[in-house]
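Visitor: I am new to this structure and would like to be walked through it. Could you show it to me and then take my questions in turn?

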Amino acid sequence: MKAEISWLDDPETFRVNQLPARSDHRGFQSTAEATTRQSSLEQSLDGDWQFQFAQTPQERPVGFYDPDYDRTHFDTITVPGHIEIAGYGQLKYINTTYPWEGKDFRRPAYALGDGDTGKGMFSEGEDNTVGAYVTNFILNPALRDKRVIVQFDGVEEAMYLWLNGQFVGYAEDSFSRSEFDLTPYLKDGENLMAVEVFKRSTAAFIEDQDMFRFSGIFRSVRLAGKPAVFLEDLAIRPDVSADYTDGKLNLALKLSQTDDAPAAEIRVKVTDGDGREVLSLTKPAAESVTFENNVFKKVHLWNHMDPYLYHLQIELTTTDGTTLEVVPYDFGFRKVELKNKIMLLNGNRIIINGVNRHEWDAKRGRAVTDEDMHYDMQVFHDNNINAVRTCHYPDQIPWYFLCDHEGIYMMAENNLESHGSWQKMGAVEPSYNVPGSVPQWKAAVIDRARSNYEAFKNHTAVLFWSLGNESYAGDDIAAMNKFYKDHDDTRLTHYEGVCRNRKYEDQISDMESMMYDPPVEIAKYLENDPKKPFVNCEYMHDMGNSLGGMSSYDALIDKYPMYQGGFIWDYIDQALWTEDEVTGEPVLRYGGDFDDRHSDYEFSGDGLLFADRTPKPAMQEVKYYYGKHIN
């Protein structure tokens with residue numbers, strides 16, 4: 001297959017040769033590796049890559065992926081990282097509109113009719129910068145003679161992949177992991193991997209989040225070796241009895257194997273928090289294997305105050321006992337319900353003391369580190385924050401495991417926002433809204449829901465699936481809601497944008513979710529026999545010297561059982577350390593400080609923390625009021 005630049009213009013082409021989305025489990029070669037979480041079956045490709053920047057698609061180095069191409073003039077760039085922070089292109093922050101408004105005329109393909117295909121819109125776009133990445137690697141010994149997968153945890157926004165000059169695949173969803181099978185293209189000795197990253201594609205219409213608009217390979221890249229028999233996908237379904245006393249564990253496993261794979265078996269073991277074995281099962285390996293209705297008496301329930309987890313370990317072994325793969329996964333028993341129009345966790349009303357959290361680091365942008373994540377978790381605990389909304393895209397995978405272990409309730413949002421397609425100059429004007437009910441955009445957004453669900457379906461902390469942010473409403477988002485409901489009856493769905501188009505309120509979202517609704521308006525809603533419980537998906541916008549009046553929202557909690565709290569906008573400022581041109585001192589700079597016109601300026605500075613993670617004074621009020629209703 002040949003890579004086509006025209007895919008950038010086509011909303012119906014968003015993944016080519018990508019492996020199907022699957023659970024985020026990791027494989028290890030031994031129980032010892034599984035204990036330390038250091039897998040010899042993984043090989044990091046992070047570090048310095050060769051790099052060439054192009055201002056437009058027409059200026060890109062065509063054929064740079066060929067082994068014989070002369071790359072002596074290429075620069076180097078660090079992966080993970082953003083192209084713009086590395087000094088190429090334009091740093092730009094923008095909130096609600098599209099970054100090309102007022103400069104280039106664009107309308108989403110097919111939004112104004114089937115004849116409007118968008119041909120050339122991005123493939124010939126003069127604002128569509130391109131990064132050409134190249135790295136060389138030799139397979140580690142543990143990966144040789146195995147199937148080898150490459151995992152890109154995050155590439156913004158559209159990527160083409162080659163190995164040893166052969167085209168491998170294409171992906172667009174910037175914030176979901178993209179996996180490709182490299183096995184047919186590998187060779188002995190040194191291999192050459194090339195990635196071409198375009199800043200814009202049709203995905204730009206549905207990745208219009210309130211954030212700096214970066215590009216590049218901004219999350220980690222690794223190779224993963226797969227043994228002769230390996231676990232392809234894992235679905236963990238813990239259930240809790242109606243009286244919240246006992247539990248049942250259901251497991252569904254999908255296995256893959258080579259043609260000459262040995263006979264194998266699956267050993268499943270579950271231990272409790274003290275390391276005591278509470279379940280041990282064995283079955284012959286097969287393409288699909290289930291372990292159903294395994295009863296746990298007097299189960300220890302998981303919640304924010306007591307995030308108790310059980311430890312699952314799956315071992316694939318040959319019939320003579322040789323270990324092929326070990327997969328560990330921690331999980332908890334908890335029950336999310338909607339009863340009498342109130343959301344419950346383990347039979348108790350949920351109170352959300354939440355924040356919206358962009359991934360952010362003042363030096364690295366969205367290329368956050370483990371240190372950043374652990375720091376944020378400590379801030380949560382110190383200030384009585386019990387919930388997080390992953391605004392407005394899937395976060396790095398380790399954050400979900402951290403929330404499991406630390407008892408942070410998650411609203412797991414998939415990568416969708418099309419704000420600029422329906423709101424113009426503050427007015428609701430959806431004449432060319434996408435995805436809307438445009439059939440050519442439906443598959444792309446369903447794919448984003450699928451990627452979010454499949455990756456994070458086993459995380460105890462995920463109580464709610466969120467369909468995206470500020471994208472109006474239509475048949476396509478209704479189909480996303482149906483996807484989640486068809487695949488998962490253990491969680492609730494969220495989407496705020498249905499308030500703009502009430503036609504869909506019975507098809508989309510289990511909760512009424514509004515942004516910045518005044519307390520008096522929330523009270524009116526709750527006193528008028530509402531259909532759904534109320535959640536502030538964004539409230540208490542923390543720009544400047546703000547966050548006053550939190551007591552008015554707090555008062556609703558005790559007065560109205562159907563009021564269930566919300567998520568403050570937002571957790572951390574988006575600002576970058578730069579060197580002041582006059583003093584030479586490091587300074588934090590915000591939207592509009594980079595000659596980024598147009599820009600929404602100080603709207604990037606609306607966090608409870610400054611960008612260097614120093615808490616603002618407003619955090620004191622959050623700690624006080626959230627401390628009154630912690631559960």
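**A guided reading**

Guide: Strand β17 (residues 247-257) pairs with β20 in the antiparallel sense over 7 bridges, where strands are DSSP runs of E of at least two residues, helices are DSSP runs of H or I of at least four, both are numbered from the N terminus, and two strands pair if DSSP finds at least two bridges between them. This is a predicted model, in which local features need pLDDT of at least 70 and side-chain atom pairs count only at pLDDT 80 or more, while totals for chains, interfaces and linings use all residues. Residues are numbered from 1 along each chain as its sequence is written, and side-chain values use heavy atoms, with hydrogens and water left out.

Visitor: Which residue in β20 is the bridge partner of Ala-252?

Guide: Strands of a sheet pair through backbone hydrogen bonds, either parallel or antiparallel. Here β17 and β20 pair in the antiparallel sense, and the partner of Ala-252 in β20 is Thr-290.

Visitor: Which strands stand at the edges of the open sheet?

Guide: The sheet is formed by 3 strands in the order β16-β17-β20, with antiparallel pairing. Each edge strand has a single partner, so one side of each is left without a neighbour in the sheet, and these strands are β16 (229-240) and β20 (288-296).

Visitor: How many residues apart in sequence are the parts that Asp-127 and Arg-200 tie together?

Guide: Asp-127 forms a salt bridge with Arg-200, their closest N and O atoms being 3.1 Å apart; the term means a side-chain nitrogen of Lys or Arg within 4 Å of a carboxyl oxygen of Asp or Glu. Asp-127 lies in the loop between β5 (93-94) and β6 (130-138) and Arg-200 in the loop between β12 (190-198) and β13 (211-212), so the parts that they tie together are separated in sequence by 73 residues.

Visitor: In which helix does Asp-372 lie?

Guide: Arg-613 forms a salt bridge with Asp-372, the closest N and O atoms being 3.7 Å apart. Arg-613 lies in the loop between β37 (586-589) and α8 (618-627), and the helix that holds Asp-372 is α2 (residues 370-382).
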